[in-house]
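Morning, everyone. I have one structure for you today. Have a look at it first, then we'll walk through it.

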Amino acid sequence: MCRSDRDCPATRKCCSNGCGQLCMAPVLGKVLAGSDAVAPCIAVKPGACPAVLRGSLGPCVEGCHSDSDCSKAEKCCSTGCGHVCKPPKRPGICPTLQRPGLCVEKCSRDAQCPGGQKCCRTGCGRICMGVIPRAPGGARADVQT
C-alpha cells in the first residue's frame with residue numbers, strides 16, 4: 001500500500017488498482033510534450049468500487065487489470081479473489097432510518113437507482129433513496145459542527 005510515489009521503491013509508482021493504491025511498475029506511455037517524462041500509471045475512472053464483504057468471495061477470474069479495460073463508467077474492482085468490471089458506487093451516504101422500513105428488495109446496487117439516489121438498506125430490505133452528501137473532509141454535509 002502507498003499514498004504517493006515517495007512510498008515506493010525507485011523503479012515503482014504509486015498507482016490505483018481499483019481497490020486501493022499499490023506500488024507498481026510504471027506503464028510506459030507517450031512522452032509528454034516538452035518533457036522526457038512518461039505517463040506513470042493507467043488512468044483511473046472516477047468513483048469507488050463496491051466493498052467486498054468480509055468472508056465473501058466473488059468469481060476467481062481476472063476479467064480486467066485496470067479501469068481502462070472496462071466499458072463506459074465501469075471500474076476494475078476486486079471480487080476478493082479476482083477482478084471484474086463493475087459500476088462504481090455513487091457518492092454520498094444513505095440516510096439513517098429511525099425504524100425498519102419496507103421489507104422489499106427493490107434494488108441490489110446503486111446502478112439500478114435513478115440519478116442522485118443510492119440502493120440503501122431499510123433494516124429489512126433495500127430500496128432507492130436520496131443520499132446525504134459528504135462535505136469536504138468526509139463529514140456529513142447535514143451535520144453542524
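Start with a definition: helices (H or I, at least four residues) and strands (E, at least two) are DSSP runs, numbered from the N terminus. With that in hand, Ser78 sits in strand β3, residues 75-78.

Before going on, some ground rules. This is a predicted model: local features need pLDDT of at least 70, side-chain atom pairs count only at pLDDT 80 or more, and totals for chains, interfaces and linings use all residues. Residues are numbered from 1 along each chain as its sequence is written, and side-chain values use heavy atoms, with hydrogens and water left out.

Now the overall picture. How many helices and strands does the protein have? Zero helices, six strands. Along the sequence that reads β-β-β-β-β-β. The accessible surface is about 9,900 Å², by the Shrake-Rupley method with a 1.4 Å probe. Carbon and sulfur atoms hold 57% of that surface.

Next, burial. Buried means under 20% relative accessible area, exposed over 50%, and partly exposed in between, with a 1.4 Å probe and protein chains only. Of the 145 residues in the protein, 22% are buried.

Is Ser78 buried or exposed? Ser78 counts as buried because its relative accessibility is 17%. A polar atom of the Ser78 side chain lies 3.0 Å from the backbone nitrogen of Gly80.

On to salt bridges. The term means a side-chain nitrogen of Lys or Arg within 4 Å of a carboxyl oxygen of Asp or Glu. The whole structure has two. One pairs Lys75 with Asp67, at 2.8 Å from N to O. Both of those residues are buried. Another joins Lys118 to Asp110, with the closest N and O atoms 3.2 Å apart. Lys118 and Asp110 are both buried as well.

Last stop, Cys119. This residue is in strand β5, residues 117-121. Why does Cys119 count as buried? Because its relative accessible area is 5%. What does Cys119 touch, leaving aside neighbours within four places in sequence? Contact here means heavy atoms within 4.5 Å. The partners include three cysteines by name: Cys94, Cys107 and Cys113. Also among them are Ser108, Arg109, Asp110, Arg126 and Ile127. Take Arg109: ten residues from Cys119 in sequence, and 5.5 Å away in space, C-alpha to C-alpha.

Technical notes: Polar contact = N/O pair within 3.5 Å; in protein donor to acceptor, adjacent residues only side chain to side chain.
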